[in-house]
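Here's a quick briefing to read alongside the structure. Take a look at the picture first, then work through the points below.

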Amino acid sequence: MTAGVKADIRVRGPWTLALERLRNDKAGKVAALVICALVLLALLAPLFSRLTGHGPAEQFLDIGLSPEGVPTGPSRRFLLGTDGLGRDLLVRIVYGTRVSLLVGLLASGTAVLVGTVVGIAAGWYGGVVDRILSRAMDVFLALPFLVFALALVAVVGSSLTISVTVIAMFSWASVGRIVRAETLSIREHAYVQAARLLGASHARIMFIEILPNVAATVIVYTTLLIPGAIVAEATLSFLGLSVVPPAPSWGNILSDAMAYYRVAWWFIFFPGAALVVSTLAFNILGDSVRDALDPKLDHDSGAAHEATP
Amino acid sequence: MTGRISRDGAKSDVLVSIEHVVKEFKVRSARLFARTKDIVHAVSDVTLDIRRGETLALVGETGCGKSTLARCVVRLHDLTSGRIIFDGQDISSASERAMRPVRRRMQMIFQDPYGSLNPRRRVGSIIGDPFEIHDLARGDERIRQVRHLMELVGLNPEHLNRFPGDFSGGQRQRVGIARALALRPDLMVCDEPVSALDVSIQAQILNLLGDLQEELGLTYLFISHDLSVVRHVSDRVAVMYLGTVVEVAPVHALYTHPRHPYTNALLSAMPIRAAERAGDRTEVILAGDPPSPMDPPSGCRFHPRCPRAQARCAIETPVLTRRLHDASEHVTACHFPLADGESLVSEAPAMALS
């Protein structure tokens, strides 16, 4: 955080105050810890591979599968059991975390970037610019996500880049709409008029006056967009439209598990749990962030510590 | 005060000429799926001069178009028709680029000290904006200038790292004044600069504005609905009613012998101390509300509420001219102006509402 607090420690900006509130939120703290753990898992995935001695795509046809060819359950050798091809489920899920987080962050990051710029531009310029950009947002909100993804993959083949692109393409418009609405109300504020009176350029007004004021909304929306993107990626890879096997992702592990759920509960339980826990963590963090940045709360505390003259 | 007024006449004495300014807003009709758009006549044919170094007050009820007129003067609004001449230059249709050098010479102080400062930015950075936008000072020099401005308006320069939320209303208004002063403007539009403040703070801000005017030779266009404030600060007063100027006069003349019945009613509604209420002062409370600016009355816009109105008022629009034996700068737009010492006796409109 850009605390920027130099000599005067009493200066607490709106962002610092929000961070302080966030620190006092227990649920938010737990969620943030879970997310940190997930990030660590993703970063340290090769370490898991090294410690267990099992590669993410390495098959153990002799010990990883029962004589009938059914996955073996959790054991000392395979902590979370094995999958249908006798691969270590733990290592595969940990590697899958990389895919999920990468896609989740990249896709929502792109969506937020595009959505914010488009939303501010539409809201600030208004008129024809607004009409064109708003219709574009309508179009992207109206397109059916899965049908479009299927069609796209059929044409260009499945890859991680494609899933990021597709997910971002279908998320930016909702960000854009919210930012546009917010911009419409901010542009009426006297400080925007003051900036115009000083001769500020359009870019300056949009990025220095308006952006910091939509940032709170955007941050909240980003944290709520990430779990959506993670689920969307899982959906795509479940349908075989994302990472190419044998590379693991939570979605394609779940897809593989569909054939075994009667005999190997761990096969479907652990990747499913990973998906649920991570999306839940992002959602709870999003809620806490929203509470921390809530303008109502902001107002109250603003009145509470009136400065001495 | 009077010395300034006597200097009038010379062309260069006028800083801003407002010539036949009309501002209309198109609003979507209230009816669903209606094709037609309604027009709000916010400002209708206003002509007014602002002289160098004076304080011209613009008074009137909420919604009479005084703020709109001020925003037209500084070109926050585009005019529907008419001209604004700023120091000899017609700026009424100047492009945003052509306006840039003029922007440095006209600034504005806003009514709401909470809305006029970006809550996410430090006040030092807000006050430094003018220097940054016009590239006048950078780095340490800019900080030095910002500190100087903060001192000028009575703020502690050590507080430049604080956020607007850390300041009281009066202090925020000072920040807004510092920002407006940074470019050393000639014209300062004060849009109800004190009406959102506590009475005790109001006096401080008004005194600050007065000191700054003396020190920097500022010209103020001072908008207010508070007649006691106007009496205190202004040299001349223009009274607006429903988008038109009904009377312009030096402050003393306006308060002692108003000519327009509306001015009379407005002044009589001013709260005064009981001790002053001696004698013949009668309070006139006009019947009804101002008509909608979407459908303004014909002729004199005040005629449906005017106790002195006659048939002529509904047909012929009165123009601002000298009435009775007034001085040349006291002009009134009324067919039947009040004589000296005369006051409205009836409160009921003379003509049936049509």
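Let's start inside chain B of this predicted model, where 12 residues of domain 1 of chain B are in contact with 11 residues of domain 2 of chain B.

**Two domains in chain B**
- If you sort the domain 1 side by class, you get 10 nonpolar residues, one polar and one charged.
- As for where the domains run, domain 1 of chain B covers 2-105 + 185-332, while domain 2 of chain B covers 119-184.
- Between the C-alpha centres of domain 1 and domain 2 of chain B there's a distance of 30 Å.

**A helix pair in chain A**
- Helix 4 of chain A (residues 89-125) and helix 7 of chain A (residues 160-169) have axes that come within 8 Å and cross at roughly 40°.
- The crossing of helix 4 of chain A past helix 7 of chain A is right-handed.
- Helix 4 of chain A brings A:V99, A:V103, A:L106, A:A107, A:T110 and A:A111 to the contact, and helix 7 of chain A brings A:L160, A:S163, A:V164, A:I167 and A:A168.
- By class, the residues in this contact are nine nonpolar, two polar and no charged.

**Where chain A meets chain B**
- Here 23 residues of chain A are in contact with 28 residues of chain B.
- On the chain A side, the elements giving two or more residues are helix 9 (190-197) and helix 10 (202-238) of chain A.
- Helix 9 of chain A supplies the largest share of that side, six residues.
- The chain A side splits into 11 nonpolar, seven polar and five charged residues.

**How confident is the predictor about chain A?**
- The average pLDDT of chain A is 84, and 91% of the residues score at least 70.
- Confidence in chain A is highest in helix 8 of chain A (residues 172-186), at 94, and lowest in helix 13 of chain A (residues 295-304), at a mean of 45.
- Residues 1-8 of chain A stay under 50 in pLDDT, and the model gives them six contacts beyond four places in sequence.
- Residues 297-309 of chain A are also below 50, with nine contacts in the model beyond near neighbours in sequence.

Key: Residues are numbered from 1 along each chain as its sequence is written. Chains are lettered from A and ligands numbered from 1 in the order in which they are written. This is a predicted model: local features need pLDDT of at least 70, side-chain atom pairs count only at pLDDT 80 or more; totals for chains, interfaces and linings use all residues. Axes are lines fitted to C-alpha atoms, for helices over the stretch in contact, and angles run from 0 to 180 degrees between N-to-C directions. Helices (H or I, at least four residues) and strands (E, at least two) are DSSP runs, numbered from the N terminus. A crossing is left-handed if the near helix is turned anticlockwise from the far one by less than a right angle, and right-handed if clockwise. Two residues are in contact if their C-beta atoms, placed from the backbone, lie within 7 Å. Ala, Val, Leu, Ile, Met, Phe, Trp, Tyr, Cys and Pro count as nonpolar, Asp, Glu, Lys and Arg as charged, and the others, Gly among them, as polar. Domain bounds come from an automatic or database domain assignment. pLDDT is the predictor's confidence in each residue, from 0 to 100.
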